Amino acid sequence: MLTLTENASLIVKEIASQDGLPETAGLRITSESESDPSFAVTAADAGQPGDQVVEQSGATVYLDESAATMLDDKVLDAAVDPSGKVEFALGLQQ
């Protein structure tokens, strides 16, 4: 199952705690297709039917079925660049 670094957990919690979002809010990761390893990352009010839910250190990430399969052995990291843009990166679990 996907795991999150401490930085990723903090950033996901910050994204999900913005005004107007419900308690179920989190980050949702979707995949276009299993043959194309690119992902869309969006803030979501809640998961969709069939999503895998990853909860770690108070952060919630929803994964669609394809993303859950492809990210099963990965670690999600995140950082904020000098302009304030959030950048996500994937690595292999140790």
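Pairing here takes at least two DSSP bridges between two strands, and the strands themselves are DSSP runs of E with at least two residues, while helices are runs of H or I with at least four, all numbered from the N terminus. A quick word on what you're looking at: this is a predicted model, where local features need pLDDT of at least 70 and side-chain atom pairs count only at pLDDT 80 or more, though totals for chains, interfaces and linings use all residues. Residues are numbered from 1 along each chain as its sequence is written, and side-chain values use heavy atoms, with hydrogens and water left out.

Walking across the pair, Val53 has Tyr62 of β5 as its bridge partner, and Glu55 has Thr60.

## A strand covered on both faces

Now for β5 itself. In a regular strand the side chains alternate between the two faces of the sheet. On one face of β5 you find Ala59, Val61 and Leu63, on the other Thr60 and Tyr62, and all of them are buried. With 5 of its 5 residues buried, β5 is largely enclosed by the rest of the structure.

## The main nonpolar core

The largest nonpolar core holds 17 residues, and Leu2, Leu4, Ile29, Val61, Leu63 and Leu76 have the most contacts inside it. Such a core is a set of buried Ala, Val, Leu, Ile, Met, Phe, Trp, Tyr and Cys residues joined through side-chain atoms within 4.5 Å. At least two of the core residues come from each of α1 (6-16), β2 (26-33), β5 (59-63), α2 (65-70) and β6. The biggest giver is α1, with 4 residues.

## The open sheet

There's also an open sheet of 3 strands, ordered β1-β6-β7, with mixed pairing. Its edges are β1 (3-4) and β7, each of which pairs on one side only. Between β6 and β7 the pairing is antiparallel, with 7 bridges, and Val80 stands opposite Val86 in β7.

Ala89 is another residue of β7. Ala89 is partly exposed, with 42% relative accessible area. Beyond four places in sequence, Ala89 touches Val75, Leu76 and Asp77. Val75 is 14 residues away from Ala89 in sequence, and their C-alpha atoms are 8.3 Å apart.

Side chains of opposite charge can pair when their charged atoms come close. The whole structure has 2 salt bridges, each being a side-chain nitrogen of Lys or Arg within 4 Å of a carboxyl oxygen of Asp or Glu. One joins Arg28 to Asp51, with 2.7 Å between the closest N and O atoms. That bridge connects distant parts of the chain, 23 residues apart: Arg28 is in β2, and Asp51 is in the loop between β3 (36-44) and β4 (52-56). Both partners are buried. Asp73 and Lys74 form a salt bridge too, at 2.7 Å from N to O, and Asp73 is partly exposed at 38%.

Asp81 does have a polar contact of 2.8 Å with the side chain of Ser83. A polar contact is a pair of N or O atoms within 3.5 Å; within protein, one must be able to donate a hydrogen and the other to accept it, and residues adjacent in sequence count only if both atoms are side-chain atoms.

Definitions and conventions
Buried means under 20% relative accessible area, exposed over 50%, partly exposed in between (1.4 Å probe, protein chains only). Contact means heavy atoms within 4.5 Å.
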